[in-house]
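Dear colleague,

Please find below the structure that I am handing over to you. My notes on what was found in it follow directly after.

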Amino acid sequence: MNAETGGKAPLSLPRYPRNVYVTTFASLLTDISSEMVVYLVPLFLSGVLKTSTPLIGLIEGVAETTAALTKLASGYLSDRIGNRKWLTVTGYSLSLAVKPFLATAASWSAVFGARFVDRLGKGIRTAPRDAIIADSISAERRGDAFGFQRAGDTLGAFIGLALAIVVVYWSQQGSFELTGATFTTIVWLSMIPAAAAVVLLAWGLQERRKESVGARQSQARLSLAAFDPRFRLALASVAIFTLGNSADAFIVLLAQDRGASVLTTLLMVLLFNGVYTVFAQPFGKLSDRIGRRRVILAGWSFYALVYLGFALSSTVWQIALLWALYGLYYAMTEGAVKSLVADLVPGAQRGAGYGWLNGVIGLMALPASLIAGLLWQAIAPSAAFVFGAAMAGAAIALMMQVRLTDSRQP
């Protein structure tokens, strides 16, 4: 009998359980939608609405903090009620519903409101979705499964950016500044794949957990004191790292500062997502073989070098090369960090565990973006990236203290 197929014995087993495929393709569709827009938001704010850089940092930071707090609550709630599916569907639906408000935004406050609700939706869906993946596959293949999901997610980003590039080229070609009409057109188009993702999840996602209500409520925990000390230490290292990992909007602004047009900037992001897509699954599988911590430490070290490269860059081609290399950092760490949580947190607490992970990342996003914006304006753009590299070094030192006997613990 095979637990991953509900006791059936088909002639040939799928490579991954159904939920891994459903969440991966839903992520692909959602990232087609979101990546058509997200890298244009800072250009829309700065170029069309004439918003200051610190205010852009505040908008991004508050939006991510909103997502952070919601992720923690949603993850715990999914443990307690035993229903991860409909929390996931609700979160994706909320992000879809707010897109018309972004398309019609005429002030920075309207963009702020739209980003706030969009991130609220992300906060609701992320921890339950990640817990569904972890619940659906064995410990020995978690890195592989999360790598596959991240690859699908990033392939969606690649496709979304490619579509945005086509629209930008068709509507304004080599124009240095993004126009409001172009931005509005892209946001409306982005609703199509977002709606398809919601339908796919509602139809295809299956609950995996079978515990009784009493068992769920007795085992569900929110307090960090109830978690493995190694998880708490790993979480602290992620928090320090994230303090220096400001919104990627600042890389977009750096490219523009160095002389890149809107179209060139989107092509750079496309290259970044291509690298991420190709290497996400191989690095996830590598973490299954050599351990999560080693892959995470390598990824953070690489991040520090790339951020120092951004600080020293002076030309568009240098930004393009570094942005491509930046995709390797994401490929190394995203799947490995999520797999590490599943290794250190038992199934009954897994929703809250992912809530804490995503919550801490989001909570640190606000000071990270504010600090980057202030350093950018008060000193120089390079100062924001030097600070990020320094925080990565501190996080590496702390993560090295996390002692794991087996990176694939159940």
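Tryptophan 300 is buried, at a relative accessible area of 2% (buried means under 20% relative accessible area, exposed over 50% and partly exposed in between, with a 1.4 Å probe and protein chains only). Its ring forms a pair with that of phenylalanine 241: the centres are 4.8 Å apart and the planes stand at 10 degrees, so the pair is stacked. Rings of Phe, Tyr and Trp (its six-membered ring) pair if their centres lie within 6.5 Å, and planes under 30 degrees apart count as stacked, over 60 as edge-to-face and the rest as tilted. This pair links distant parts of the chain, since phenylalanine 241 lies in helix 10 (residues 229–243) and tryptophan 300 in helix 13 (residues 292–312), 59 residues apart. Phenylalanine 241 also counts as buried, at 4% relative accessibility.

Please note that this is a predicted model, in which local features need pLDDT of at least 70 and side-chain atom pairs count only at pLDDT 80 or more, while totals for chains, interfaces and linings use all residues. Residues are numbered from 1 along each chain as its sequence is written, and side-chain values use heavy atoms, with hydrogens and water left out.

Aromatic rings

The whole structure holds 27 aromatic pairs. In one of them, tyrosine 16 and tyrosine 21 have ring centres 5.6 Å apart and planes at 75 degrees, so the pair is edge-to-face. Tyrosine 16 is buried, with a relative accessible area of 2%, whereas tyrosine 21 is partly exposed, at 26%. Ring pairs also join a cluster made up of Phe241, Phe272, Tyr276, Trp300, Tyr303, Tyr307, Phe310, Tyr326, Tyr329, Tyr330 and Phe385.

Phenylalanine 250 is located in helix 11 (residues 249–257) and is buried, with a relative accessible area of 3%.

The chain as a whole

The protein chain has 16 helices and 0 strands. Helices (H or I, at least four residues) and strands (E, at least two) are DSSP runs, numbered from the N terminus. Of the 410 residues in the protein chain, 58% are buried. Among contacts in the protein chain with a separation of 6 or more, 87% involve residues 24 or more positions apart.

Helix packing

Two packed helices are described by the angle between their axes and the distance between the axes. Helix 1 (residues 18–35) and helix 8 (residues 180–204) pack at about 165 degrees, with axes 7 Å apart. Axes are lines fitted to C-alpha atoms, for helices over the stretch in contact, and angles run from 0 to 180 degrees between N-to-C directions. Helix 1 and helix 8 are therefore roughly antiparallel (angles under 35 degrees count as roughly parallel, over 145 as roughly antiparallel, 65 to 115 as roughly perpendicular and the rest as oblique). The residues of their contact divide into 12 nonpolar, 5 polar and 1 charged. Here Ala, Val, Leu, Ile, Met, Phe, Trp, Tyr, Cys and Pro count as nonpolar, Asp, Glu, Lys and Arg as charged, and the others, Gly among them, as polar.

The axes of helix 7 (residues 142–171) and helix 14 (residues 316–344) come within 8 Å and cross at roughly 140 degrees. Helix 7 and helix 14 are therefore oblique to each other. Their contact is made by Arg142, Gly143, Phe146 and Arg150 of helix 7 with Glu334, Gly335, Lys338, Ser339, Ala342 and Asp343 of helix 14. By class, this contact has 2 nonpolar, 3 polar and 5 charged residues.

The loop between helix 2 and helix 3

Lysine 50 is found in this loop and counts as exposed, at 64% relative accessibility. Most residues other than glycine have a negative phi. Lysine 50, although not a glycine, has a positive phi of about 55 degrees. Threonine 51 is in the loop between helix 2 (41–48) and helix 3 (53–81) as well, but threonine 51 is buried, with a relative accessible area of 8%. Not counting residues up to four places away in sequence, threonine 51 touches Leu45, Ser46, Ile56 and Trp108.

Yours sincerely

Notes:
Contact = heavy atoms within 4.5 Å.
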